[in-house]
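Subject: Structure handover

Dear colleague,

The structure is placed below, followed by notes on what was found in it. Please read the notes with the structure open.

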Amino acid sequence: MATTIDEKEVTVFGEEEAKQLVNELRVAYDSGRTRSYSWRVTQLKNILRMCDDSEKEVVEALHMDLAKPELESTLYELGMIKNACKVALKELKNWIRPEKAKTSLTTFPSSAEIVSEPFGVILIISAWNYPFLLSIDPVIGAIAAGNAVVLKPSELAPASSTLLAKLFAQYLDTSSIKVVEGAVSETSALLEQKWDKIMYTGNGRVGRIVMAAAAKHLTPVIMELGGKCPVVVDSDINLQVAVRRLIVGKWGCNNGQACVSPDYILITKDYAPKLVDALKTELDKFYGKNQLESKDLSSIVNSNHFARLSKLLDDEKVSGKIIHGGEKDKEKLRIAPTILMDVPRDSLMMNEEIFGPLLPILTLNNIDESFDVINSGTKPLAAYIFTNNKKLKEKFVMSVSAGGIVVNDTTIHLAVHTVPFGGVGESGMGSYHGKFSFDAFSHKKAVVYRSFTGDAALRYPPYTGFKLRMMKALMGGSFLAILRALFGGSKP
Amino acid sequence: MIILSLLPTSNRCSVTVPAVLWEEEEKKKKKQPQTVTFGSNEASSMVKQLRQSFKSGKTKSYQWRVSQLKGIAKMVEERESDIVQALYQDLSKPPLEAFVAEISMAKSSCREAIEGLQDWMKPEKAKTGISTYPSTAEIVSDPLGVVLVISTWNFPFLLSIDPVIGAIAAGNAVVLKPSEIAPATSALLSKLVKDYLDDSAVKVVEGAIPETSALLDQQWDKILYTGSARVGRIVMAAAAKHLTPVVLELGGKCPAVVDSNVNLEVAVRRIIAGKWQCNNGQACIGVDYIITTKDFAPKLIEGLRKGIEEFFGKDPMESKDISRIVSPAQFKRLVGLLDEDNVSDKLVLGGRRDSTRLKIDPTIVLDPPQESQIMQEEIFGPLLPIVTVGNLKESFEVINSKPKPLAAYLFTEDEQLKQDFVENVPSGGMSINDTILHVTVHTMPFGGVGESGMGSYHGKFSFDAFSHKKSVLYRSFSGDASLRYPPYTPKKQMVMKGLMNGGLPGMLLALLGWSSHNSGTKS
């Protein structure tokens, strides 16, 4: 929400500034400070303190940017961040410790280990929908792994961006952890530089731009993108619980503006009416009669996205299919929870990630048809199924390729830090959360230690027939072959 | 058997090998008008066909994967002599080297995959906590789909088959593009894959730049490229268009730091093994240059001179135990490095070259200037610069002033120096008191960092490289926490916070505080 006055006062962050910034961070990194265990622990503890001290400000910023309900802000942003911090603090010593690796006869005698080495200087480009979580969570990983890091928060959540810059400067080591605010030109300036790793959260279009920029410097990337996360709803389930979990995963997650939000539903024609009734009932319970204005629902982030979502709704193929909601308030950027029935497969709504409070339901003759529907699209970040049917469950897990899958719930796998969170195909590459965050920002260096004893002359030229036979026998592992080679062969 | 069959040829090798090369080139040129071009259309329809195969589910079955892996094992076993012959044709690679470095590595890779596959394919259970109670979780390895492996010329058999083993083990359909700079091996691979493997899901595309470009235009589910940083950038940029993840196995200047307190004889042998015994220095993990103290350098040079003579004889150019330079282009490049002003006068050993036979002596130069080409680019040949420093600690700075290499080596008995080296020299991988060996330990990943690459493979890491690790969380319908649901009341928030902050005790405390206002929201 920058006014013209603000823009005049803001210092320009262009190529020169970006270059200088990276140089500064490289010097800081090369000094070794970010590698020490105590530095990493200090920063992580400071992030915890920062979250505790600034809860009110964070909730306020999120409310300004997204009208995000306080519970969502405290639980799904701050709560998740604090957990990530706590897990890292608890486990860091273990994560940092080199991992012993078994060696075999071929390198006897030797010992081996995999050493986790920080990459160096990391760039994290965050998104607007969970502006705190998606900024700080990756930063936690980068710090835990011993890197210096630059965070570029999204300008589409400006109050959060400004607050992040302020808090980081206040609580963290600014010699090695920096925030750069801005939009396309600042991000481009950053992307021109050479980073040791880049993590980007956002959409596939920009993801391609980020990866192309990274390719120039052979910078590895993690990309957390999106997709149309399907929900398959079987019959013969606890419908009330299923529907509540669906609602909370859709509208309770930033009003559908979340990369793992249920995007559309697949259900049999027979069962659909029951689902619709249950949805309407629970939606009323959760959000009351005036769902458009419920304080427990986020707004649409800005007029661009409002226009985009309106267009999806106003599409003539679709507008007649609304069975619940559909109310919009352009000024207040609000759209009510909206359910649609059987929108055509070739409508706009079924061909792009919705990222909003619209929920299309597609009915099928038979629940097994859902697999073809899902697999005809690009691989989503998450896929969900509600069922008690063991076979269907197994088939779903085996044949649906998605970033992650949840059976009988939605979105909640993000809270399980023992599993990696990441996409596949169009929904992204790489992953993080828990130890996976530490691993994402570490290079796993293989190290073998040998002594000077046990030097096999067989290795060395001149190569004779005997040596060849011996090597073959040794590598083949057969004792008899070794004996044969030893005694049957001619003298070297 | 192999040695016997090769003995007659080896006597003529110095004359026939280049002749054979030129003959092949001529044959190829004559063939070209008749060869079917492999362009964008062909590439696109190949990928389509492979996607159909993958969609049919055949490559996902354990049986298919094991049958293909067994097919590869059979192929390597039965056609060993053909493979060794092709490697000899392409690189004059000594049979023992071919066996140790390529054939046996391929065999053990196969064996590891066959033995490990059932375990690797099993989903990995993951612990869940109170925040999702009750639930169970696991990580499932999904094949990515249709993958592209672009191989290289220096270990043309191994660096083709090893990634393919990983791709197949992980349940993918795969296209292999071998290097045209090792044409005999490329042609052999094409034939063997057709003869031994499932042609509907495993394919070889031979060719050069146009064919590779046509392949790179397609949408793959993963690309593994082995080669140079320059082409690595091109591959990654092409992959970016489709959001295709990549593994890039590149190179760099792999340093070997040599301390004075070592067993010189053993160290020297291992250095020679890691340089001239590794495709005559043409190896991504080969020793590129040495750093040692000014004081120790003369001893080291003398040790190397003795070792080289012991291994390769008085006239190494006549030795059958050393590969030749792969091509006239590479030969020219290497000679250029050697003949640069300020480098040519630093020669302490070797330096002879023979352009007809594409041979260059094992050559050592002492303290060439840091700005010279030989100290700036990856040598990839039989030239070994030795850089001297006052104190070995200075070697770290020398190494770290260059891009991160694929491997780094240290020879020392000093435990502190070992520790400092491992901690302060970033590299793909390291061997202490040896060279090359860390890449044979398949319980560890093989891959680069920075300019030397991204991603890794070998052993289970190959399986992982070609899999998507899919998180799966299972919940039941019981234990539904209504606290999660709107309307969001301050009390609900308090309890949820209690749970998130303090786990079970935190939640209980908050619940106790809340229970007196229990609104009766049941699940």
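A:C259 counts as buried, because its relative accessibility is 16% (buried means under 20% relative accessible area, exposed over 50%, partly exposed in between, with a 1.4 Å probe and protein chains only). This is a predicted model, in which local features need pLDDT of at least 70 and side-chain atom pairs count only at pLDDT 80 or more, while totals for chains, interfaces and linings use all residues. Residues are numbered from 1 along each chain as its sequence is written, chains are lettered from A and ligands numbered from 1 in the order in which they are written, and side-chain values use heavy atoms, with hydrogens and water left out.

Active site

A:C259 is found in the loop between helix 10 (239-250) and strand 9 (264-268) of chain A; helices (H or I, at least four residues) and strands (E, at least two) are DSSP runs, numbered from the N terminus.

UniProt, in an unreviewed entry, lists A:E224 and A:C259 under "active site". The two span 36 residues of sequence but cluster in space, with a largest C-alpha distance of 8.7 Å. The UniProt positions are in the numbering used here, feature names are shortened, and annotations may be inferred rather than shown by experiment.

A:E224 belongs to strand 7 (residues 221-224) of chain A and, at 3% relative accessibility, is buried. Beyond four places in sequence, A:E224 touches A:F421 and A:Y432, among others.

Aromatic rings

A:F421 and A:Y432 also pair with each other: the pair is tilted, at 6.1 Å centre to centre and 50° between the planes. Rings of Phe, Tyr and Trp (its six-membered ring) pair if their centres lie within 6.5 Å; planes under 30 degrees apart count as stacked, over 60 as edge-to-face and the rest as tilted. A:F421 lies in the loop between strand 16 (404-407) and strand 17 (428-429), and A:Y432 in the loop between strand 17 and helix 15 (435-440), so the pair ties together parts of chain A eleven residues apart in sequence. A:F421 is buried at 6% relative accessible area, and A:Y432 is buried at 1%.

Over all chains there are 13 aromatic pairs. One aromatic cluster consists of A:F286, A:Y287 and B:Y485.

Charges over rings

The charged end of A:K68 sits over the ring of A:Y130, 3.6 Å from its centre (NZ of Lys or CZ of Arg within 6 Å of the ring centre and within 35 degrees of the ring normal). In chain B, B:K93 lies over the face of B:F155, 3.9 Å from the ring centre.

Regards

Key
Contact means heavy atoms within 4.5 Å.
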